[in-house]
Amino acid sequence: MPGTTSPPEIELIIEDIGGGRGNPPPDGDHGDDGGGDNDNRGRKQSPSPKRYSTAITIALVSILMFFMALASAFIVLRHGSDVWVTVHLPPILLANTLILLGSSFTLEAARRRLSSADSSGFRKFWLLTTGLGISFVAGQLIAWRQLVAQGVYIASNQASSFFYIFTGAHAVHLLGGVGALLYVSFRKSDQKRISLSLVAETTSYYWHFMDGLWVFLLALLYLGK
Amino acid sequence: MANDDSEADQPETPQPGFLARCVFSTDHKVIGLNYLWLALFSVFLGLAMSLLMRIHLVWPGVRLPFLSGSSLERYAALTTFHGSLMVFLVLTAAPQAGFGNYFLPLQIGAREMAFPKLNRLSFWATAASLLGLTIAFLAAPETGITFWIASVALFSFASLCNGINFSVTTIDLRARGMTLARLPLTVWAWFINAILSTLIFSILLAASVCLLSDRLLTTHFFPPLNFLAGQPAGFVVNFLPVLWQRLFWFFAQAEVYIAMLPCFGLTTHLLSTFSRKPVWMERLVVLALCGVGLFGFCVWGQHMFASGMNPFSPLVFSLLASSLGLPATILVISWLGTLWNARLQLNTSMLFASGFVSLFIAGGISGIFLAGHDLAAAAVSDEFITGHFHLVMGVAATFAILGALFFWFPKLFGRRLNELLGKIHFWLTFAGVYLVFMPMHWLGLLTHANLYSGSRIAAMVAPVRGFITIAAILLVIAQGLFLCNFLWSLFRGEKIEERNPWRATTLEWSVPSPPPAGDFGATDPVVYRGAYEFGVPGLAEDFVPQHLSPEEVAKAR
């Protein structure tokens, strides 16, 4: 505890909490505002920047539930149906997958550059990640067009409905990630209250999650054939 | 996600206009109040709809607005409108989003929600969903259903954002010294409910997306034929009402838990404050609240796709008798333990809180008795189900909301609601709800027991139905009393000068009423103790507020 003025009772009850969550109350030295000073009473603090990563974590759990609901619908309907018409997945999906996996690596490379204060290297890799992300979405669009050319539409059968819903919902979520990548690329860093590393970290959580989610969905689609 | 918030200490703008103050404000207090206004509007609209239904049921010949023409469809639409208004915009929005938005930051010592702009977005999405529901009701049935689903999807989205906002606020924005163990139980309930919302509403959103795609893109996620095949023959008269009903029940399943959880928190808080005693077994109550959330999630998740979404699957019975059994028992025991040997302050707020306990116990007991019954048979008598869940869920939750309103009104508006009118309103309502919904139970049992011939049942049923309808009309008139009290007190009510008229312990009572912008003035609040320190011996006052430092307490000795 940095606070010399803090009353002894506070410490007593912090120990009393129990459970692994024992986050001590925000005690003055959050990340950017210059470390803990002893007198916390008598001045306002801006809310902890940790809230961004907390929010993205909870949002990811929520997004996971969304896709789990779709996936369980897929599994239930797949098993309950007598006439399941399979959809032949376009081969371009594999290329897209590789692109998306690659983008995760470039994102991490960018973040490593950032932590070693190499800002031009960071920008380069970050833009590369953004480009890969956009090309993944473009690749998904091509896959859709290929299916449409084969005469497979969203309402053709249940399998095709699921294919379009899965890829569509994932692409919408991924576009949110692309938006975040673009935001980081073009933000003016001076007057913002959240630091670049924090935004990059939060974005990376989301991006890796979308990456893993896609692999899961693809596996589901392949195995569900 | 990357939401830049307005800084708390922005320069004072000279008297912003009405739009800036109320409509586009990101202040959690304004947004919370807006939710409450929305709920107040919806509850009276919903009441009017229920009266139309009752009157139509008893006197089918009477010409009523919204019920002309093809009556079956209109009646189903009316039912759905009433249900969605009450469940979504009243029972979900008022206790969680309304009171939660206003008081969660105040009670944990935060100056604002974690993401104020996201908060504003949620509110306006909720308001838009109310508009959508109304359009769905007024539109032709086919478009109406599509509108309805879209509105529900919008509402789910709003609740998701809300849930994220609430949980992040509770996790990261607590004041110095506000450990988890010191959180008021209201905050615990809001927090657990927020997490439950983020999980459940995303499933709802997924389901609505599939349904919308079924309707707009002609996919077949929810094949209608499977559903109809499993229904009793009487249901296949008309496809449309069945679809309405199905959707309504389908969503209601999750909503039960979402609506009840914050009410548990509110009731516990009120009972403790007005018994002037600490919450009995506070830790266990927190665990029980977590249990309600967990059970709520598991039971519902299993229901979701596994049970084929039979709308009459054991909705309320299993809820009270099996899944909620253990945590509900803990809660009830804690409430009774808190009340035991207490010097009760029987004001209106306390009356409503005790009314909640009474309704909850009554519903719980009948739920346990009925859990063993064959539900496939019981499902035929849907009047029983109607009576049961209105009493347990709808009315009980409303009691908790009203109790909280009487409790927090001085903080919200700096005035007190009239106690005498409040008490008359309470007793009329308390008698009224039992008179309306208890006979419904009996009707349900009567029509499905094979003791009497059809004509005799019809002869017995008609007067009871008439009685229920008259009681319902009186009940709604009694709510007019509340509306008068509310509006009168808003402008003319007894002014409260002191900050803490109820002598309560939590942080919101340490600031002026109504709280200023930024809530806590120049200094951040610091918390030194748990939320329910009542009846501490050796002090002049019988309570110790959370923000009182040990030195100040020592001075008071």
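Helices (H or I, at least four residues) and strands (E, at least two) are DSSP runs, numbered from the N terminus. On that basis chain B has 17 helices and two strands, while chain A has six helices and zero strands, its elements running α-α-α-α-α-α from the N terminus. The model is a predicted one, in which local features need pLDDT of at least 70 and side-chain atom pairs count only at pLDDT 80 or more, whereas totals for chains, interfaces and linings use all residues. Residues are numbered from 1 along each chain as its sequence is written, and chains are lettered from A and ligands numbered from 1 in the order in which they are written.

A residue is called buried if 20 or more other C-beta atoms lie within 10 Å of its own, exposed if 12 or fewer, and partly exposed in between, with C-beta atoms placed from the backbone. Of the 225 residues in chain A, 31% are buried; of the 557 residues of chain B, 52% are. Two residues are in contact if their C-beta atoms, placed from the backbone, lie within 7 Å. Among contacts in chain A between residues at least 6 apart in sequence, 75% join residues at least 24 apart. In chain B, residues 24 or more positions apart account for 84% of the contacts with a separation of 6 or more.

In chain A, helix α3(A) (residues 92-115) has 24 residues and reaches 35 Å from its first C-alpha to its last, close to the expected 34 Å; the expected span is 1.5 Å times one less than the number of residues. Its buried residues are L93(A), N96(A), L100(A), S103(A), L107(A) and A110(A), and what covers them includes α4 and α6 (196-223) of chain A. The axes of α3(A) and α4(A) (residues 119-149) come within 8 Å and cross at roughly 165°. Axes here are lines fitted to C-alpha atoms, for helices over the stretch in contact, and angles run from 0 to 180 degrees between N-to-C directions. The crossing angle therefore makes α3(A) roughly antiparallel to α4(A); angles under 35 degrees count as roughly parallel, over 145 as roughly antiparallel, 65 to 115 as roughly perpendicular and the rest as oblique. After α3(A) comes A117(A), whose phi is positive, near 60°.

Chain B supplies a helix pair of another orientation. Helices α2(B) (residues 28-58) and α4(B) (residues 116-138) pack at an angle of about 10°, with their axes 10 Å apart, so they are roughly parallel to each other. Among the residues making this contact are I31(B), Y35(B) and L38(B) of α2(B) and F123(B), A127(B) and L130(B) of α4(B).

N347(B) lies in the loop between α11 (325-339) and α12 (348-371), and counts as buried because it has 21 C-beta neighbours inside 10 Å. Not counting residues up to four places away in sequence, N347(B) touches F274(B) and E419(B). E419(B) is 72 residues from N347(B) along the chain, yet their C-alpha atoms are separated by 7.1 Å.

R276(B), in the loop between α8 (239-275) and α9 (282-306), has a positive phi near 55°. It is partly exposed, with 16 other C-beta atoms within 10 Å. The loop between β2 (494-495) and α17 (550-556) holds P514(B), and the peptide bond from S513(B) to P514(B) is cis, with omega near -15°. D519(B) lies in the loop between β2 and α17 and has a positive phi near 65°; with 23 C-beta neighbours inside 10 Å, D519(B) is buried.
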